[in-house]
Amino acid sequence: MREFERLENITKEARYLIIKTLIDSGMGHPGGSLSSVEILTALFFKIMNINPEDPGLNDRDRFIMSKGHGCLGLSTILNLRGFLSDKELASFRKNGGSLSAHVDMKKMPGVDMSTGSLGHGLSVGVGRALSAKINKQNHKVYVLMGDGETQEGSIWEAAMSAAHYNLDNLVGIVDRNKVQQCGNTEEIMSLEPYFDKWTAFNWDVKEIDGHDINQVVSALSQDNQESKPKLILCNTVKGKGVSFMEGDNKWHGGGAIKEFAKEAMQEVKLESK
Amino acid sequence: MGNIRKSYGSNITTLGSTNDKIVLLEGDLADSTMSDLFEAKFPDRHFQIGIAEQNMVGIAAGLALEGKIPFVNSFAAFIAMRACEQVRTDIAYPNLNVKLVVSHAGLSAGSAGPSHHSIEDIGIMRSIPNMTVLCPGDEEEMKQVLEASIAIDGPVYIRMSAMDCPNIYTSKNKFNIGKATILREGSDITLVSTGTMMNEAMQVSDLLDKQHGISSEVLQMASIKPFDIDSISHSIRRTGKIVTIEEHNIIGGLGSAVSEVVAEIGTGKIIRIGINDHFTDTVGTPEFLLEHEFLTTNAILKKVLKFLET
C-alpha cells in the first residue's frame, strides 16, 4: 500500500474513533481534536522515533500536547498506535476512568507532559530541549499548540527563550484552525500577522496545509535550520471531517453531540465497519 | 551577622561540584539571590531566562522530566504569585524534582515596597499538594535545609529572607524535613517561630527568663510542610499556651498551621504574631518595617506577657 494511503486510512480511523468516543462519553472537544488529526498521525505514525513497547525509551523523540484539551484526538491516536488499550480509550471522561478531558502523562504513555491549562507546554518543551543539548542527545522535542492558546503571554516568553538558546532540536507546531471557544481568533483577540510574529521571534517558520498529510510529513521531516527552533504553522479547519462542525465554535466542546450523534457518525463511518 | 542568601550561594556551589544533575535557572536577579557564585563556577549548568518567571518554572519542569535537578531562583513574590499556576500545575501536580529557592521573603525587600514584599507565599505554597515548604532562619539552617531538599525527590519551596541575621543554628542542631528544631525546652509557654523570626523568639525567651522568671519552650519550624504536629501537640499539652511568630500574614502561614493543630487536639490557647492581614502602609528598611509591624523583640515580648495574663 502506498504510504500516503496508509496514513490517510489512519486519519479516517482516527476521525471515526473521535466521534465514537465523543458520543459514548457525551463530552469532549471535537473541534480541536478533528483539526489535529493529520498532524498527530504524521508524528505518531511516521516522524517520531517512539516505541509503544518501551514508552520511556531514552533516545525517543519527545511529544508535548500543549493544547491539552485536544486529549480526545490524542487519545484515539495513542490507541491506534498501541499506547492506550481499547478499554482505556472507552473510559474517556467516565467516572473512575483513566482519561479526562485534558492530557495526563501519567495515565497516557507516549506523552511527555501533563497539560490542560493553556500556554504551558512550550516552556516545558524548551526545558526538555535544553536538557538534550546539555546531554548531547540527538532526539527532537515536538510541541503541538492550539492557535487560540498562543494568546497566552507565556507562549511568547517560551518562544523568546527557545530562539535565545538556539534550540534547533525543538519543533513547535500550531494547529491554526482559527476558531476558539467563543468565536474566531481574529474577533476574540487577533493573532495576525501570525507568520510574521513567529518569524520576528527568530523561529524558522514553515506554513502548510495541515490537512494535507504529504505536506505535514514533508514539513516535519526537514531538519531545523541550524541554531533555530522550527515552527510549522498548520492551516487547518476546526471540526474537520464533520461538515456541520467545520469552522463552528459551537463544536469547540462537544456537549451537543447526543442530539447530532447519528449525523456525525454518518460522516465519519468507515467502509469496513 | 550572617546572610541566608550568602549561605545559599556558597552551599549550592559546593553541592554543584559533587552533583552534576544540579542546574540553576534565574530571572535576571542572580546578584540579588546570590546564585552568581554558581554561575561563575558552572556556566554550562546555569541558565539565564530573563524576566519571565512563568517560562522559567515551565523550563524547570522540562529539565526535571529529563532527570536534572533544577534550582529556580527569583524573589518569593514572583515565584509564589507570578508563576503560581506553573508551580502548581507543571511542578507540583506531576510531582517533579524542582527546587524553588526564593529570596526577599516577608518584608525583607524593605523600601522596594509591597510589590516586592511577600507575606502570602507560605499560605499559597502550603496549600499545594506535593509541595514541601521550608523557611530557614540563618546560615547553618539554610545549609541543612538545602542538603535535605536535595535528598528528597520532589518539589520544594525554600523561602529566604534578604536581611542579615544572627546565626543561631549550630552544626549540633539537626534540621529534618517534617521536624521541629527544639531550640530550648521550657514549661510555661511555647514560642514557635519560622524563618529569621527564630532570632526574635530566642531573644523573647531570654527576656522572659531573665526579667520575669518565665520558662519558655522555643520551637523553630523551618519545615512548614510537612509540619511536625507531634512536637507542637506535645509542647502545648505541657505549657497550655502557644505563640506563633512569623514574618508573614497571620492568615495562611505558621500561625494558621499551628492553629489547625491546636483546634484538632482541642487543648491550649494560641495567639498569632505576624503581619495582621494588610499591605504595609509606609516606606522603609526591613528593620523599620518590622518595627512598624510590631515584629521586634520588645513588641513581641509585650504581646506574650499580655497573653500570659489571660
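**View 1. Ser75(A) in helix H4 of chain A.** Ser75(A) lies in helix H4 of chain A, which spans residues 71-81 (helices, H or I of at least four residues, and strands, E of at least two, are DSSP runs numbered from the N terminus). In this predicted model, local features need pLDDT of at least 70 and side-chain atom pairs count only at pLDDT 80 or more, while totals for chains, interfaces and linings use all residues. Residues are numbered from 1 along each chain as its sequence is written, chains are lettered from A and ligands numbered from 1 in the order in which they are written, and side-chain values use heavy atoms, with hydrogens and water left out. Ser75(A) is buried, with a relative accessible area of 0% (buried means under 20% relative accessible area, exposed over 50% and partly exposed in between, with a 1.4 Å probe and protein chains only). When its neighbours within four places in sequence are left aside, Ser75(A) is in contact with Leu84(A), Leu89(A), Phe92(A), Leu99(A) and Met108(A), contact being heavy atoms within 4.5 Å.

**View 2. Aromatic pairs in chain A.** A search of the whole structure finds 12 aromatic pairs over all chains (rings of Phe, Tyr and Trp, the last by its six-membered ring, pair if their centres lie within 6.5 Å; planes under 30 degrees apart count as stacked, over 60 as edge-to-face and the rest as tilted). Phe44(A) and Phe83(A) form an edge-to-face pair, 6.4 Å centre to centre with 85° between the planes. This pair links distant parts of the chain, since Phe44(A) sits in helix H3 (residues 37-47) and Phe83(A), 39 residues apart from it, in the loop between H4 and helix H5 (86-90) of chain A. Both Phe44(A) and Phe83(A) are buried. Trp156(A) and Trp198(A) form a tilted pair, 4.6 Å centre to centre with 45° between the planes, and this pair joins helix H7 (residues 153-164) to helix H9 (residues 194-200) of chain A. Ring pairs link Trp156(A), Tyr194(A), Trp198(A), Phe201(A) and Trp203(A) into a cluster.

**View 3. The contact between chain B and chain A.** The contact takes 23 residues from chain B and 24 residues from chain A. The area buried between the two chains is about 2000 Å², of which carbon and sulfur atoms give 55% (buried area is the accessible area, with a 1.4 Å probe, that two parts lose on being put together, summed over both). Asn55(B), Leu65(B) and Glu66(B) supply 28% of the area that chain B buries against chain A, more than any other three residues. Two salt bridges are counted between the chains (a side-chain nitrogen of Lys or Arg within 4 Å of a carboxyl oxygen of Asp or Glu), and in a salt bridge the side chains of Glu66(B) and Arg128(A) meet at 2.6 Å, N to O. Strand S3 (46-48), helix H4 (53-65) and helix H6 (84-92) of chain B each supply at least two residues of the side that touches chain A, and H4(B) gives the most, with nine residues.

View 4. Most residues other than glycine have a negative phi, and most peptide bonds are trans. A cis peptide bond, with omega about 0°, joins Glu192(A) and Pro193(A), and Pro193(A) is found in the loop between helix H8 (185-188) and H9 of chain A. Lys225(B) and Pro226(B) are also joined by a cis peptide bond, with omega about 0°. Asn166(A), although not a glycine, has a positive phi of about 50° and is partly exposed, with a relative accessible area of 39%.
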